[in-house]
Every structure is written in C-alpha cells, then in structure tokens.
Amino acid sequence: MATDTNAAAEVATGAAPGMPQLDLGTFDNQVFWLALALIAIFFVLSRVALPRIAAILAERQGTITNDIAAAEDLKSKAEAAETAYEQALADARAEAQRIAGETKAKIQADLDVAIAKADASIAAKAAESEKAIADIRAGAVDAIKVVAKDTAKEIVAVMGGKADAKAITAAVTARMKG
C-alpha cells in the first residue's frame, strides 16, 4: 500500500523516481551513516587487519634476509669448493706429468738396453757374416783357380797342344794376382 501511495504521489507531482542517494531530504542521514561506517572500518583495520599484515610483511622480510644470507654462505662455500677442485685438478695434472716422465724415462732405459743388445747381436752376426764371406771368397778363389786350370788345360788340349800342370798353375796364379 505504501508503494501505491508513493507512486500516486509521484504521478500527482509529476516527478519520476530518482536515485535515493541524491535525495536532499535524506542527505544528512546518509552522511552520518557514512561517517559511522568509515570509523568502524578504520578501527577494524587498525586493530585487526593492519597488525596481521605488518606481521606477515616482517616475517617475509626476515625470510628474505635469511635466504639472502644463506645464499651468500652457499656461494662462498661453492667458491671454496671450486678453488679446492681446481687445486686438486692441478695436483692431479702435476702427478700425471710426473708419472708420464718416470714412465718415459723407464721406457727409454729399456729401449736403450734393447738397442744395445740389438747392436751387439747385429755386430756378432755381421762378424759371422764377414767370416762367412771371407770363407766364401777364399773358397771362390780356390774354385776359380781349379776351374781356370781345368779350362786352360782343356783349351790347350783342344788346340792340339800339351801343357804341363806346373805351367798352367803358374799362368793361372800370375793372372789371378793381377
């Protein structure tokens, strides 16, 4: 019923319904309740919400500070570990160089011994070969003398002459001397 009365009053006055916030008749009442609501929100925020937010921000800042300190500590430990690693690597390289040098010296000594044995063996075989060559030459000279004497005797016999063995031997010997 009240809405029918208000609608009838508005039709009679010719005014259309408007926004209640802009109605000047209720403006003082609206300002009062607005101030009261803002004061209530301020007290709730200042006593409850803001202290909790401040505590959370302080906790986060502490966590960030601790994490940064831990990161710096880990960084210094990593740098120390890297330095130790590089030192160990340098020591390992030096040790490898030393071992390689010792091994090379040992191999060179073994090689020198083997070369000396090979040289001695070669020298002995060369001496044996020289002796065998000298024996072959001596045997070849004797064989040549025999062949030369036989050939000379046959040539003289084919030509119709007769040669004595002393003359043939003397001729072959003279010719062999040069």
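User: Before I look at single features, what does "buried" mean for a residue, and what percentage of this protein chain counts as buried?

Analyst: Buried means under 20% relative accessible area, exposed means over 50%, and partly exposed lies in between, with a 1.4 Å probe and protein chains only. In this predicted model, 1% of the 178 residues of the protein chain count as buried. Local features need pLDDT of at least 70 and side-chain atom pairs pLDDT 80 or more, while totals for chains, interfaces and linings use all residues. Residues are numbered from 1 along each chain, and side-chain values use heavy atoms, without hydrogens and water.

User: Which pattern does the protein chain follow along the sequence?

Analyst: Helices (H or I, at least four residues) and strands (E, at least two) are DSSP runs, numbered from the N terminus. Here the chain has three helices and zero strands, in the order α-α-α.

User: How do I read the packing of H2 and H3, and at what angle do they pack?

Analyst: Two packed helices are described by the angle between their axes and the distance between the axes. The axes are lines fitted to C-alpha atoms over the stretch in contact, and angles run from 0 to 180 degrees between N-to-C directions. Helix H2 (residues 27-158) and helix H3 (residues 165-177) pack at about 130°, with axes 10 Å apart. H2 is therefore oblique to H3, since angles under 35 degrees count as roughly parallel, over 145 as roughly antiparallel, 65 to 115 as roughly perpendicular and the rest as oblique. Contact means heavy atoms within 4.5 Å, and the residues making it include Val-141 and Ile-144 of H2 and Ile-168 and Val-172 of H3.
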